[in-house]
Amino acid sequence: MSVVPPAAGDLVRARRVRLGLSQRVAARACGVPQSMLSRIETGRTQPSIATLQRILEGLGAEIHVEVRATPSGDDGRERQRSLWLNRAVAGEIARDPDRAIAVARDNIARWRTVHGPHPSVVAALDRWEEIIGDGIDVAIATLTGQSEEAEDLRQNSPFAGVLSPEDRAQALTAFRTWWQSRQVEQHVPPAAAR
């Protein structure tokens, strides 16, 4: 099954414009008719994954397809744990932004050498550099956001090491306490809840 996100045309257009290419030049580089590129960019046509891949490769970009399945019995604990921990990191960033940003930039530089052959990690690091460049408020919003992008980026957060081991342990202990109380509240029999 070839399902392409509805915003694929926006991605193609943004990449072409970023490169400063006309549709005609971009279409030639991608090996597709200019009329097709126009229809894709305006959303009148949704390309197959193969066509989108060919276009993006022609524009010097990559496409990564990820299929996610939610494990049965997933109660969201790991997502909530990550969010909880990153809220503590956000507090530390607000308290000492210069140190936190320096740690993040050092991690990004180091991880680039370690994860060079892994395009998805490099893409996340690129995105984190953009976010950090946009300001502390954007970094904090990403760390504490509940969008799919924020969840994905938290998996490769460059803010590792911003919390001291003691602060991290304290945040995780607080999370466990909160999670357990949440589980108890959600399993109260209906008659007892009245």
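Six aromatic pairs are counted in this predicted model, where rings of Phe, Tyr and Trp (its six-membered ring) pair if their centres lie within 6.5 Å, and where planes under 30 degrees apart count as stacked, over 60 as edge-to-face and the rest as tilted. A pair of aromatic rings is described by the distance of the centres and the angle of the planes. Trp-128 and Phe-159 form an edge-to-face pair, with 5.7 Å from centre to centre and 80 degrees between the planes. Because Trp-128 belongs to helix α7 (residues 119-134) and Phe-159 to the loop between α9 (148-154) and α10 (165-186), the pair ties together parts that are 31 residues apart in sequence. Helices (H or I, at least four residues) are DSSP runs, numbered from the N terminus. Trp-128 has 0% relative accessibility and therefore counts as buried, as does Phe-159 at 2%; buried means under 20% relative accessible area, exposed over 50% and partly exposed in between (1.4 Å probe, protein chains only). One aromatic cluster is formed by Trp-84, Phe-175, Trp-178 and Trp-179.

Residues are numbered from 1 along each chain as its sequence is written, and side-chain values use heavy atoms, without hydrogens and water. In this predicted model, local features need pLDDT of at least 70 and side-chain atom pairs count only at pLDDT 80 or more, whereas totals for chains, interfaces and linings use all residues.

Helix packing was examined next. The axes of helix α2 (residues 23-30) and helix α3 (residues 34-41) come within 8 Å and cross at roughly 105 degrees; axes are lines fitted to C-alpha atoms, for helices over the stretch in contact, and angles run from 0 to 180 degrees between N-to-C directions. The angle makes α2 roughly perpendicular to α3 (under 35 degrees counts as roughly parallel, over 145 as roughly antiparallel, 65 to 115 as roughly perpendicular and the rest as oblique). Gln-23, Arg-24, Ala-26 and Ala-27 of α2 meet Gln-34, Leu-37, Ser-38 and Glu-41 of α3.

Helix α1 (residues 8-19) packs against α3 at about 115 degrees, with the axes 7 Å apart. Gly-9, Asp-10, Val-12, Arg-13 and Arg-16 of α1 make this contact (heavy atoms within 4.5 Å) with Leu-37, Ile-40 and Glu-41 of α3.

The protein chain has an average pLDDT (the predictor's confidence in each residue, from 0 to 100) of 83, and 86% of the residues score at least 70. Confidence is highest in helix α8 (residues 136-144), at a mean of 94, and lowest in helix α11 (residues 190-193), at 45.

Technical notes: Helices (H or I, at least four residues) and strands (E, at least two) are DSSP runs, numbered from the N terminus.
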